[in-house]
Amino acid sequence: MTWLRDWSSDDDVALRVLCLPPAGAAAHVYRRWPRLLPPDVGVVAVELPGHGTRLSEPPARSVEEIVAPLAEEVEALADRPLVVFGHSMGGTIGAELIRFLRREYGVTPDLMVAAACEAPRREPRKDYTRWLSEDGALAFLRHMGGTPPELLASKPYLDMILPVLLADLTVLAGPRDPDDRPLGCPVRLYLGADDPGVDPERAALWREESDGDFTVHTFAAGHFFVQEKAAETVHRLLADVAHLRQPARRPA
């Protein structure tokens, strides 16, 4: 697999969680999850080009460049219940992935979890164009919080992260596929109470993406609660997928 990193603890899992990272981050932000989850819950993380173990590749600059090849690998995971978990940018990509899977493969995941992410299709869409420069990407890092000051002052770190982050922000600022139907699955929204980058009212519009089954959970943290409060996040996720853990196997 090129796009996926399967870190499941067991080959015979009851369900899989497909984990999409935030802008500028790589699959490894979910590396702890298999140790925090029971072995029957599989963890499969997405590695985008230009990120993490694919650092030598040019990063994608549009949703379209990501979703089609990613869906080709994800479709093979649909032999059992599939949960899409997207943090920040990962929530936006996750929603577009679900639309593509339904349209091209007839597959609809069993649950979407959007963490620290406003509803990506709501008009007027969130404006990312003000961050589409190296100075803008640095301002974005400072605005969102979570990056230690010593890293923000480190030229080697900034030389590594800013081109990747700028490409991700270009993806977020770019067009979406005309298919704007709701996702057709339940949606869970996870928010940080002190997140400077997410408007709770705009985030709550994820309700319109759901099949009518929608709930919100708020963590006492900022934008990066998924990493900073990993155990608490996973505990909440386990409660939200409890009904999927003992299903009959789907045909391959």
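This is a predicted model: local features need pLDDT of at least 70, side-chain atom pairs count only at pLDDT 80 or more; totals for chains, interfaces and linings use all residues.
Residues are termed buried under 20% relative accessible area, exposed over 50%, and partly exposed in between (1.4 Å probe, protein chains only). Residues are numbered from 1 along each chain as its sequence is written, and side-chain values use heavy atoms, without hydrogens or water.

Salt bridges were considered next. A salt bridge is a side-chain nitrogen of Lys or Arg within 4 Å of a carboxyl oxygen of Asp or Glu. The whole structure contains 19 of them. Helices (H or I, at least four residues) and strands (E, at least two) are DSSP runs, numbered from the N terminus.

Aspartate 40 is buried, at 17% relative accessible area. Arginine 245 is partly exposed, at 25%.

Arginine 188 pairs with aspartate 213 in another salt bridge, with the closest N and O atoms 2.9 Å apart. Here too, distant parts of the chain are linked, 25 residues apart. Arginine 188 belongs to strand 6 (residues 187-192). Aspartate 213 sits in the loop between helix 7 (200-203) and strand 7 (214-219).

A network of salt bridges links Arg102, Arg103, Glu104, Asp177, Asp179 and Arg181.

Aspartate 240 meets arginine 236, the closest N and O atoms being 3.1 Å apart. The two residues are four apart in helix 9, about one turn of the helix. Aspartate 240 is buried, at 9% relative accessible area. Arginine 236 is partly exposed, at 26%.

The length of helix 9 was also checked. The expected span of a helix is 1.5 Å times one less than its number of residues. For the twelve residues of helix 9 this gives 16 Å, and the end C-alpha atoms are 16 Å apart, which agrees. Its buried residues are Ala230, Thr233, Val234, Leu237, Leu238, Asp240 and Val241. Seen down the helix axis, these fall within an arc of 160 degrees, so they line one face of helix 9. The arc is that of the directions from the helix axis to the C-beta atoms.
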